[in-house]
Amino acid sequence: MRLLPVLCALLLLMLQGVTGLSPGRASAQDCERRGGFCSHRSCPPGIGRVGLCSEQEFCCRMRWYP
């Protein structure tokens, strides 16, 4: 029975380090790493949204059609 609390603690530590479990706020650096740029309110015509930079800015990137 003493093993159960240790296993629970280990499980919580493992889940704490997993990225993607809670929605995080993106940043301008993340957008640039994805090949995009931040645009206020909307993306220019012909350019698609690929994420968020902040609450009022979208991460935009050129659409590539093969």
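Leaving aside its neighbours within four places in sequence, with which residues is Ser39 in contact?

**View 1. Ser39 and its surroundings in the predicted model.** Ser39, which has its place in strand 1 (strands are DSSP runs of E of at least two residues, helices are runs of H or I of at least four, both numbered from the N terminus), is in contact with Pro44, Gln56, Glu57, Phe58 and Cys60, leaving aside its neighbours within four places in sequence; contact means heavy atoms within 4.5 Å. Ser39 is buried, at a relative accessible area of 12% (buried is under 20%, exposed over 50%, partly exposed in between, with a 1.4 Å probe and protein chains only). Residues are numbered from 1 along each chain as its sequence is written, and side-chain values use heavy atoms, with hydrogens and water left out.

**View 2. The disulfide of Cys31 and Cys59.** The sulfur atoms of Cys31 and Cys59 are 2.0 Å apart, where a disulfide is a pair of cysteine sulfur atoms within 2.5 Å. The pair links distant parts of the chain, with Cys31 in helix 2 and Cys59 in strand 3, and both cysteines are buried.

**View 3. The disulfide of Cys43 and Cys60.** Here the sulfur atoms of Cys43 and Cys60 lie 1.9 Å apart. Cys43 is in the loop between strand 1 and strand 2 and Cys60 is in strand 3, so the pair ties together parts that are 17 residues apart in sequence.

How values were computed: Predicted model: local features only at pLDDT ≥ 70, side-chain atom pairs only at ≥ 80, totals over all residues.
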